[in-house]
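Please look at the sequence and the model as I bring them up.

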Amino acid sequence: MANLLTVDETADYLNLTPQTVRRLHRDGVLPSVKLGGKSKSRIRFKQSDLDAVIESGYRPATSGPLASA
């Protein structure tokens, strides 16, 4: 089974704030897994997916919508 991380655990793992993790998720940068039904849906992040994003050379934008948020 994959190692699933909460927003807070993902923030710690990536050395980001939880708000930044949520924004990157909302912007489609960080892939997630949805658990639960519609009303009690929770997102989790697979550590292997986070590692893949890091390995792909993702770098935060220095200009544009991501940089100003």
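Which residue stands opposite V33 in β3? It is R44. Please bear in mind that this is a predicted model.

Let us continue with the strands. Strand β2, residues 33-35, is joined to β3 by 3 bridges, and the two run antiparallel.

I turn now to the interior. In soluble globular proteins, nonpolar side chains tend to be buried together. In this model, the largest nonpolar core has 11 residues, among them L5, V7, V21, F45 and V53. Which elements give two or more residues to this core? They are α1 (7-14), α2 (18-26) and α3 (47-55). The most comes from α1, which gives 3 residues.

V7, a member of this core, deserves a separate word. Setting aside its neighbours within four places in sequence, V7 is in contact with P18, V21, R22, I43 and F45.

Finally, we come to the charged residues. Side chains of opposite charge can pair when their charged atoms come close. How many salt bridges does a search of the whole structure find? The search finds 1. It links D27 with R26, and their closest N and O atoms are 3.8 Å apart. Are these two residues buried or exposed? D27 is partly exposed, at 39% relative accessible area, whereas R26 is exposed, at 61%.

How values were computed
Residues numbered from 1 in each chain as written. Predicted model: local features only at pLDDT ≥ 70, side-chain atom pairs only at ≥ 80, totals over all residues. Heavy atoms only, no water. Core = buried A, V, L, I, M, F, W, Y, C linked by side-chain atoms within 4.5 Å. Buried < 20%, exposed > 50% of the residue type's maximum accessible area, 1.4 Å probe, protein only. Helix = DSSP H or I, 4+ residues; strand = E, 2+ residues; numbered from the N terminus. Contact = heavy atoms within 4.5 Å. Pairing = 2+ DSSP bridges. Salt bridge = Lys/Arg side-chain N within 4 Å of Asp/Glu carboxyl O.
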